[in-house]
Amino acid sequence: MPEHPSVAAEVDRLLAENERTFREAQLAADTVFAHYQLSQLLASHETPAALAGAVLEELMHLSGADGGALWIRDPRSERPVLAAQRGEQPRGLEEIPDDGSDPSALRVALDDGARQVGVLVVHRSAGVPLDPDGVRFLAHVRHELAVALRGAQLREALDLERSELQAVFEGASDAIVLVDEHRRVVRINGAAGALLGIPRASATGHPCEELFACHASRSSDPCRDGCPFAHVIATGEPISGHERTLGAGVPEPVHVVGSYALASRSAGGSTMAVAVFRDTTQVAHLQELRSGFIATVSHELRTPLALIKGYVDTLMEVELDPETVRGYLERIDETTERLAELVRQTLDVTQLAIGQLVMERTPIPLADLLGGAVADLRLRFPETAVWLEMDESMPVVEVDAGRIRQVLDNLLDNARKYGPPEGPVTVRGGVSDGTARVSVEDRGVGIPVDERDLVFEQFHRGRNVRESTLLGYGLGLSISRRIVEAHGGQLQVEPSRRRGTRMVMRLPIPKVGTAEGSAP
Amino acid sequence: MGHASLATGSHAAAADPTAVLLESPPLGAAEARAYLRRCVRIVGRHARALTRLDEALGDGDHGDNLLAGFSAVEDWLDADGAGEDDLSSLLRSAGAILIASVGGASGPLYGSAFMEAGFAARGLDEQTPRIAQLAALLEAAAAGLARRGHCRIGDKTIYDALAPATAALRAAVARGADEGTAIRETATAGARGMRDTTPLVARRGLAMRLGERSRGRRDPGAASCLLLVRALGTRREMPGGRGGA
């Protein structure tokens with residue numbers, strides 16, 4: 001049966017309507033999906049440059065463009081910076097209309113509601129129009145795009161700041177400890193790990209009193225009784241210059257001065273406090289050394305001065321026979337010499353301590369230095385036998401000749417002083433293991449084995465000579481070792497085959513050749 | 001021709017498999033139902049591998065998302081969809097479920113593909129051989145997915161596996177190949193397309209943000225698409241016997 005024309009027309013109309021609705025729904029779904037895709041990219045936490053590149057490509061794709069560019073305003077200079085570009089830029093930015101009057105190119109200002117964040121341009125070559133759906137979409141998402149790019153900029157700035165702070169935190173020579181409101185360690189830096197002698201990872205989460213071994217250092221409850229962290233967390237008031245000893249009960253406790261402050265107090269109630277510790281062990285040690293040094297020097301100066309004063313008073317007030325007068329004057333002269341020597345050595349020590357040892361290095365045959373020192377000793381003490389043995393090929397060393405001669409004189413003097421008056425003092429020179437080696441050996445009282453390193457400490461004198469009448473300040477070897485070390489060499493006590501002491505000095509040999517040794 | 005995968009449903013007991021092309025009835029809801037169940041199994045087997053691929057390029061949830069989506073489809077098949085006997089409605093419902101339950105971009109994309117196939121199923125010519133009907137559905141699915149995702153071959157997406165698979169199926173149909181051969185060739189082309197995504201730089205989707213860094217990795221979408229293509233056949237029909245379900 002033939003269909004009624006009006007029914008057929010109505011069916012056609014409904015089909016067309018259905019088709020149109022379906023296409024509109026498809027378009028709407030496409031837009032939603034495109035939006036979703038873009039949102040995923042915008043939420044991907046990429047850098048502004050990576051985000052700009054991906055977003056530009058996506059929008060070019062959606063608008064059918066074959067070129068485009070995205071400028072982002074630099075937050076510091078406030079100038080637009082090209083963040084991404086694809087394809088050729090056919091025209092100047094200003095020549096591309098932003099009102100849609102050119103169907104083949106579009107300029108969109110990206111503003112986040114408060115300010116312009118950037119500018120986006122898409123274009124299609126040869127005058128082919130852009131996809132109108134894509135263009136609509138682009139206009140639709142421009143605010144979202146601006147917010148995301150601004151967010152990426154802020155994130156990048158934050159990351160940069162965080163990495164800078166991290167570098168400061170990690171690179172700080174002071175120990176930094178961060179604790180939460182329960183005084184559990186949140187983080188420590190490398191210096192703190194080294195100071196406390198614990199791996200950094202294992203510190204996290206532990207109560208701070210474990211880290212600092214507070215219970216070992218105090219009898220009362222340290223957590224209730226004056227814990228600086230507790231005070232800072234409770235009151236918010238910073239503490240500075242707080243002195244304490246860390247690692248009490250361990251062989252080498254560390255003296256520190258700490259500053260404590262609140263690191264953060266968030267709205268959620270989470271509080272963190274930070275402490276910065278400076279290791280003052282060295283400072284305390286130096287302080288101790290300086291006090292000891294002053295006391296010793298004062299004592300050493302006072303004794304000969306008292307002697308001189310005594311002799312001078314006697315000479316002035318008492319009539320003495322010429323022989324006694326001469327004897328007194330000789331003692332005054334001798335004591336003055338000793339005083340002068342002490343002052344010279346004290347100056348040396350002071351210079352060494354503050355690192356001001358000025359050296360003028362020149363190449364010089366070691367044989368000359370050794371020969372000169374031995375000859376002087378023989379001249380001054382003809383009764384002491386001094387044997388000098390040198391290898392045939394003695395090296396040239398690059399040293400401050402005066403300083404090394406000072407070392408040699410000190411070693412030879414010691415050997416003579418602590419050995420028998422007749423000697424012998426045996427001096428050997430040569431090359432060993434690529435270094436210039438000089439040994440000075442005596443047959444004296446020797447250095448007790450457990451004091452072999454101590455003899456290089458300032459003012460240290462061996463217990464076997466301390467009570468003797470032999471003069472000495474315990475400074476010579478300390479000065480000598482510093483001088484030798486300043487030349488890159490070593491000065492050590494070596495076990496001697498016979499009784500007595502063998503001091504060995506090693507100096508580096510410069511790469512230039514050797515000089516023939518001169519026989520004594 | 002072997003046991004025809006498209007007949008795994010109510011027509012699975014066809015006495016003479018060689019007669020399928022001539023005598024088998026048009027594609028129906030039962031075939032689609034069986035296909036969707038194979039999809040659930042194959043995605044389940046490979047979900048972790050897909051997620052691992054996605055960890056490099058996307059947000060590391062593709063396998064889990066897809067499995068959740070196809071599991072939801074299976075739940076529907078067991079419940080409200082149990083009585084659905086219209087191929088078009090079944091495919092469209094499956095598409096709608098995938099859109100609603102698969103997270104990420106792949107939900108809308110696969111959902112669109114299934115829905116487009118469902119729309120196309122309304123106009124199938126019953127006189128056309130079943131394999132040609134399947135080609136028409138797959139073409140509609142591929143076109144729908146490409147339109148929704150704005151994707152082209154070489155963009156490093158699902159479409160890079162789906163487009164060559166569809167083209168291979170159409171070519172096999174044009175050549176008069178039997179169902180088994182046609183489906184094997186479809187899967188082989190899909191596998192090649194998936195492998196070809198490895199050297200590509202992503203031009204669509206979340207992987208775009210990686211730019212050059214996306215090169216050298218297989219696209220997880222193309223990999224999951226290959227699984228769904230392989231599910232068109234049974235395990236026996238697939239090259240190497242690893243595909244299908």
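The model is predicted, so local features need pLDDT of at least 70 and side-chain atom pairs count only at pLDDT 80 or more, whereas totals for chains, interfaces and linings use all residues. Residues are numbered from 1 along each chain as its sequence is written, and chains are lettered from A and ligands numbered from 1 in the order in which they are written.

Strands (E, at least two residues) and helices (H or I, at least four) are DSSP runs numbered from the N terminus, and two strands pair if DSSP finds at least two bridges between them. β13(A) pairs with strand β10 (residues 362-365) of chain A in the antiparallel sense over four bridges, and A:P363 stands opposite A:E398.

An open sheet of four strands has the order β2-β1-β4-β3 (chain A) with antiparallel pairing. Its edge strands are β2 (80-86) and β3 (105-111) of chain A, each pairing on one side only.

| Residue | Phi | C-beta neighbours within 10 Å |
|---|---|---|
| A:R183 | near 60 degrees | 17, partly exposed |
| A:D433 | near 50 degrees | 6, exposed |

A:R183 lies in the loop between β5 (175-180) and β6 (185-188) of chain A, and A:D433 in the loop between β14 (425-432) and β15 (435-441) of chain A.

Note on methods: Buried ≥ 20, exposed ≤ 12 C-beta atoms within 10 Å, placed from the backbone.
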